[in-house]
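Please read the points with the structure open.

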Amino acid sequence: MNWLRLTFSPVVLAWKTRYEDWSHYPRTLPLLGRSAIDQVSGECPASGVDLAVLEALLGKDVMVGDIDVGTEGVEAPELVAERTRAALGHVDPDRISAGA
C-alpha cells in the first residue's frame, strides 16, 4: 500500500492539478453511450461533474470512480459508499461497479 501511495500519488496529483476542466463529460459521455464499447469508467469526485451525465451511458457497464484521486487523503468507506449510492440514481444497479 505504501509503495502505491508513494509511487502514484505525486503523479496523480500533478495530473489533477493540470487538468481541472471536466466540461467535456456532457459531450463525450453521450458519444461513448452510442458507441459499441461495453464499459465506461468515469472520474466523479475529482471531476465534480453532475452525476446526471452518467444517464447518457444507458445500457453500458459503468465503473464509477468513487475515490477522489485528486487528494492524498484516505476517504472514509461511508463517503465512498455514499458516492456509489448517488450514482445509482443515474445508472442501472445491475450495470454499475465502483472504482478509483
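**Note on the interior**

1. Leucine 29 has a relative accessibility of 5% and therefore counts as buried (under 20% relative accessible area, with a 1.4 Å probe and protein chains only). Leucine 29 lies in helix α2, residues 25-33 (helices are DSSP runs of H or I of at least four residues, strands are E runs of at least two, both numbered from the N terminus).

2. The model is predicted: local features need pLDDT of at least 70, side-chain atom pairs count only at pLDDT 80 or more, and totals for chains, interfaces and linings use all residues. Residues are numbered from 1 along each chain as its sequence is written, and side-chain values use heavy atoms, with hydrogens and water left out.

3. Beyond four places in sequence, leucine 29 touches Val40, Val53, Leu54, Ala56 and Leu57 (contact means heavy atoms within 4.5 Å). Leucine 29 and glutamate 55 are 26 residues apart in sequence, with their C-alpha atoms 8.8 Å apart.

4. The largest nonpolar core has 15 residues, and Leu29, Leu54, Leu57 and Val62 are among those with the most contacts inside it (such a core joins buried Ala, Val, Leu, Ile, Met, Phe, Trp, Tyr and Cys residues through side-chain atoms within 4.5 Å). Helix α2 and strand β2 (61-65) each supply at least two residues of this core.

5. Valine 62, leaving aside neighbours within four places in sequence, is in contact with Val40, Leu54, Leu57, Val91, Arg95, Ile96 and Ser97.

How values were computed:
Buried means under 20% relative accessible area, exposed over 50%, partly exposed in between (1.4 Å probe, protein chains only).
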